[in-house]
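Work through the following exercises with the structure in view. Each task is followed by a stepwise solution.

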Amino acid sequence: MGCFLENIRELLKNSLGQSLQALDEADRLAAAWPIASGKAMSGRASVIGYADGILRLEAVNETWMREMMSIKGRLVSEMSRIARVPVREIHIEMKRNDRS
């Protein structure tokens, strides 16, 4: 059963990539983020920018920032593959609390 579900997941990733082609690169990466990172992580970080192969992510706190840094290589690969955007590097920053 596990192999079957993995095959379905791969099929969905590939079809998502095809359906995102009409969007600009940043929007494709933002749409791919929940699939590439998984439910738990995608709720604790977001795509905040993309330029020259560098994807910028914003984490809600230091714990999630460290978690993302520990799997940065996998995230680069998955985001590139799903969004069909050349990601060479990921920069992760912590969300600022704007208190005025």
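**Exercise 1.** Which residue is the bridge partner of Ala59 in β3?

Solution. The bridge partner of Ala59 in β3 is Met94. The model is predicted: local features need pLDDT of at least 70, side-chain atom pairs count only at pLDDT 80 or more, and totals for chains, interfaces and linings use all residues. Residues are numbered from 1 along each chain as its sequence is written, and side-chain values use heavy atoms, with hydrogens and water left out.

**Exercise 2.** Describe the strand pairing around β2.

Solution. Strands are DSSP runs of E with at least two residues, numbered from the N terminus; two of them pair if DSSP finds at least two bridges between them.
- Step 1: β2 and β3 (residues 89-94) run parallel and are joined by six bridges.
- Step 2: β1 (residues 45-51) and β2 run antiparallel, also with six bridges; Gly49 stands opposite Arg56.
- Step 3: two residues lie between the strands of the β1 and β2 hairpin, where Asp52 has a positive phi near 50°.

Conventions: Helices (H or I, at least four residues) and strands (E, at least two) are DSSP runs, numbered from the N terminus.
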